[in-house]
Amino acid sequence: MTQTSVPITVFARTTSSPAHTYQVIVPIDLAQVFKLWGPLPGVAEMRDQTGTWNRPETSRQTWFTDGSEADERLTETAEGHGFAETSAGAPFTARAGQGCSSACVGV
C-alpha cells in the first residue's frame, strides 16, 4: 500500500493574544481534548515524550482508547504563533487507510 499524507489544520478563534494562546495549546493534555467521537477513538494517554513539546524533533507516542497508538514528531515551531507535527500509525492507518497524517496549528 502506498503511504500518503493527509493534511489536517486545526482552527479556532479566541480573544486571547497569540502568545498566550500558544502557551496554553502547546502543553495541553490531549486526553482531555480528544474524546471518543463516532468511529474515531479518543486519546487515552501520551507516552515516551522525548522533551518539552515546544522544540522541533521532540517525539512521543499517543495511545488511543481502542488500544492503538501513533508516533508523533514535532517538525516545526514558531514560538508564540504555531507549530507543525507529523503522526504515523494507527488509528490513522486503520481509520483513514493512510500511513501518515500531519497537523499544523497556528495561533
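**Terms and values**

Author: The protein chain has three helices and six strands. This is a predicted model, where local features need pLDDT of at least 70, side-chain atom pairs count only at pLDDT 80 or more, and totals for chains, interfaces and linings use all residues. Residues are numbered from 1 along each chain as its sequence is written, and side-chain values use heavy atoms, with hydrogens and water left out.

Reader: What makes a stretch a helix or a strand?

Author: Both are DSSP runs, numbered from the N terminus: a helix is H or I over at least four residues, a strand is E over at least two. Along the sequence, the pattern reads β-α-α-β-β-β-β-α-β. Helix H1, for one, covers residues 18–25 and includes Ile25.

Reader: How confident is the predictor, by mean pLDDT?

Author: pLDDT is the predictor's confidence in each residue, from 0 to 100. The chain has a mean pLDDT of 78, and 74% of its residues reach 70 or more. Over residues 93–107 the pLDDT is below 50, and this stretch has 54 contacts in the model beyond near neighbours in sequence. A contact means heavy atoms within 4.5 Å.

Reader: Why is Thr62 called buried?

Author: Buried means under 20% relative accessible area, exposed over 50%, and partly exposed in between, with a 1.4 Å probe and protein chains only. Thr62 has a relative accessible area of 4%, so Thr62 is buried. Its place is in strand E3. Of the 107 residues of the chain, 30% count as buried.

Reader: What does Thr62 touch?

Author: Leaving out residues up to four places away in sequence, Thr62 touches Val43, Glu45, Met46, Ser68, Glu69, Ala70 and Glu72. With Glu72 there is also a polar contact, side chain to side chain, at 2.4 Å. A polar contact is a pair of N or O atoms within 3.5 Å; within protein, one must be able to donate a hydrogen and the other to accept it, and residues adjacent in sequence count only if both atoms are side-chain atoms.

Reader: Why is Arg60 with Glu72 called a salt bridge?

Author: The rule asks for a side-chain nitrogen of Lys or Arg within 4 Å of a carboxyl oxygen of Asp or Glu. The closest N and O atoms of Arg60 and Glu72 are 3.0 Å apart, so the pair passes. This pair links distant parts of the chain: Arg60 is in strand E3 and Glu72 in strand E4, twelve residues apart. Arg60 and Glu72 are both buried.

Reader: How many salt bridges are there by this rule?

Author: The count comes to three. Glu57 and Arg73 form one of them, with their closest N and O atoms 3.6 Å apart. That pair also links distant parts of the chain, 16 residues apart: Glu57 is in the loop between strand E2 (43–47) and strand E3 (59–64), and Arg73 is in strand E4 (residues 69–78). Arg73 has a relative accessible area of 35%, so Arg73 is partly exposed. Arg47 and Glu45 form another, at 3.0 Å between the closest N and O atoms. Arg47 counts as partly exposed because its relative accessibility is 33%. Glu45 is partly exposed too, at 35%.

Reader: What makes the phi of Asp48 worth a remark?

Author: Most residues other than glycine have a negative phi. Asp48 is not a glycine, yet its phi is positive, about 55 degrees. Asp48 lies in the loop between E2 and E3. Its relative accessible area is 59%, so Asp48 is exposed. Glu57 is found in the loop between E2 and E3, and its phi is positive as well, near 80 degrees.

Reader: Which residues make the nonpolar surface patch?

Author: Val24, Ile25, Ile28, Val33 and Phe34 make a nonpolar patch of about 380 Å². Patches take residues with over 30% relative accessible area and no salt bridge; like charges are joined within 9 Å, nonpolar side chains (Val, Leu, Ile, Met, Phe, Trp, Tyr) within 5 Å. Accessible areas come from the Shrake-Rupley method with a 1.4 Å probe, and for residues only the protein chains shown count as cover. The whole chain's accessible surface comes to about 6,800 Å², of which 57% belongs to carbon and sulfur atoms.

Reader: How far apart are Ala19 and His81, in sequence and in space?

Author: They are 62 residues apart in sequence and 6.4 Å apart in space, C-alpha to C-alpha. Ala19 lies in helix H1. Ala19 is partly exposed because its relative accessible area is 39%.
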